[in-house]
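Hello,

The structure I promised to pass on is below.

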Amino acid sequence: MSALGLTLSPEVAAALAAHKPIVALESTIISHGLPRPSNLQVAREVEEIVRSHGATPATIAILDGKVLVGLTDEQLVAIANRDDIVKASTRDLAIIAATGKSAATTVAATAHIAVLAGIHTFATGGLGGVHRGANESFDESADLTALANLDITVVCAGVKSILDVAATLERLETLAIGVIGFKTNRFPGFYLTDSGFALEHQANSAGEIAAIIKARKGLATDHHALIIANPVEHEMDRTRHDAILKSGLAGAAAQGITGKAVTPFLLEHFHTASEGESLKVNIDIIKSNSALAADIAVAALS
Ligand code: PSU
Ligand code: MN
């Protein structure tokens, strides 16, 4: 337990005290992004990947009012399987905690808690961003505004292809959130290795990224997040991807899905309609991002 209202697992507390590399992991992907039972299996495997790359995993979630940084296996099981786990963004954290409820944390909320705990490297699948039609719906993920104000390096496979990628890239620029392609100068599109947009910056090793993280401190630009866009190796079939995206967007509109239900709805549609192909790609993404985040956390300390 720390004075901040956070409950640190013994493993995370020890790593923080010893200034060892730590990687924050989000929990919404476990509760709302992946179907059971693969969600639990992936959550466990991802923690092992982080450990095998020399860092300590810190999965973040709220259980029965406790804000947890680092979960026991039993707590991981609860996040994966309990039906009362809601999806919490930053604005929900205090409400869930004070009322003794349970929630998985989005990228925004996870990054917020991670930085509060003193963790500055984070792995996720795909960031939230500007939704299609946002000029009317105003649906822009709180991930963007949260990351605009946090000192954290986030490894992701770009933003989900369900979004308006061009608008999201514009917002990232406005919010001073740096974007670096890992071994690529194309912005990845989550299920796809290339979203169709070019990137200005590329890095080819964890060491290069660590040097950039250090320079951010020196220039006091480290109060905005840095995004490392890591494309998935084997992308989804593009024709199939585009067809499923079209039917998913039409389905969401027809069923009147809005607000925080939109992203889980579209991800679930992808997993069902692609008969598991998107699920496999999604799992590859989170595994590969976790390994890279651990390498960066290790390099940033050396
Ligand atoms: N990446 C995934 N699966 C997910 C998400 C990201 O591979 O489920 C989640 C993250 O928690 C992200 C959230 O913060 O989707 C974005 O939701 P929204 O668009 O409602 O802000
Ligand atoms: Mn939204």
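Which residues does Asn282 touch, not counting residues up to four places away in sequence? They are Ile29, Gly33, Leu34, Phe190, Tyr191 and His271. Please bear in mind throughout that this is a predicted model. Asn282 belongs to helix α13, residues 277-301, and it is buried because its relative accessibility is 2%, where the limit for buried is under 20%.

Ligand site

The shell around ligand 1 has 18 residues, and those that come nearest are Glu26, Ser141, Asp143, Lys160 and Thr263. For Asp143, a polar side-chain atom lies 2.8 Å from an oxygen atom of the ligand. For Lys160, an N or O atom of the side chain is 3.2 Å from a nitrogen atom of ligand 1.

On its own, ligand 1 has 480 Å² of accessible area, and the protein covers 95% of it. Two elements give two or more residues to the shell, namely α2 (28-33) and α12 (262-273). Of these, α2 supplies the largest share, three residues. Sorted by class, the shell consists of nine polar, five charged and four nonpolar residues.

Thr28 is part of helix α2. With a relative accessibility of 9%, Thr28 counts as buried. A polar atom of the Thr28 side chain lies 3.1 Å from the backbone nitrogen of Thr106. Apart from neighbours within four places in sequence, Thr28 is in contact with Gly33, Lys87, Ala104, Thr105 and Thr106.

The loop between α2 and α3 (38-52) holds Pro37.

Nonpolar cores

The largest nonpolar core contains 65 residues. Within this core, the residues with the most contacts are Val69, Ile119, Leu127, Leu147, Ile152, Ile177 and Phe187. The element that gives the most to this core is helix α6 (residues 107-117), with seven residues. There is also a second, separate core of 41 residues, which includes Val50, Ala61, Leu76 and Ile213.

Val69 is worth a look in the viewer. Once neighbours within four places in sequence are set aside, its contacts are Leu6, Thr7, Leu8, Ser9, Val12, Ala58, Thr59, Ile60, Ile113, Ala117 and Ile119.

Helix α6 is largely enclosed by the rest of the structure, because eight of its eleven residues are buried. The buried ones are Val107, Ala108, Ala109, Thr110, Ala111, Ile113, Ala114 and Ala117. Just after this helix comes Gly118, with a positive phi of about 100°.

Positive phi outside glycine

His19 is not a glycine, yet it has a positive phi of about 55°. This histidine sits in the loop between α1 (10-17) and β2 (22-25). His19 is classed as exposed because its relative accessible area is 65%, and the limit for exposed is over 50%.

Ala220 is not a glycine either, and its phi is positive at about 55°. The loop between α10 (206-218) and β13 (226-229) is where Ala220 is found. With a relative accessible area of 45%, Ala220 is partly exposed.

Asn230

Is Asn230 buried or exposed? Its relative accessible area is 8%, so Asn230 is buried. Asn230 lies in the loop between β13 and α11 (238-254). Not counting residues up to four places away in sequence, Asn230 touches Val155, Cys156, Ala157, Phe182, Pro188, Ser288, Asn289 and Leu292. With one of these, Ser288, the Asn230 side chain makes a side-chain to side-chain polar contact of 2.9 Å. By contrast, Gly133 is 97 residues away from Asn230 along the chain, and the C-alpha atoms of the two are separated by 26 Å.

Regards

Technical notes. Residues numbered from 1 in each chain as written. Chains lettered and ligands numbered in written order. Predicted model: local features only at pLDDT ≥ 70, side-chain atom pairs only at ≥ 80, totals over all residues. Heavy atoms only, no water. Near = heavy atom within 4 Å. Polar contact = N/O pair within 3.5 Å; in protein donor to acceptor, adjacent residues only side chain to side chain. Areas by Shrake-Rupley, 256 points an atom, 1.4 Å probe, with all protein chains shown as cover. Helix = DSSP H or I, 4+ residues; strand = E, 2+ residues; numbered from the N terminus. Nonpolar A, V, L, I, M, F, W, Y, C, P; charged D, E, K, R; others polar. Core = buried A, V, L, I, M, F, W, Y, C linked by side-chain atoms within 4.5 Å. Buried < 20%, exposed > 50% of the residue type's maximum accessible area, 1.4 Å probe, protein only. Contact = heavy atoms within 4.5 Å.
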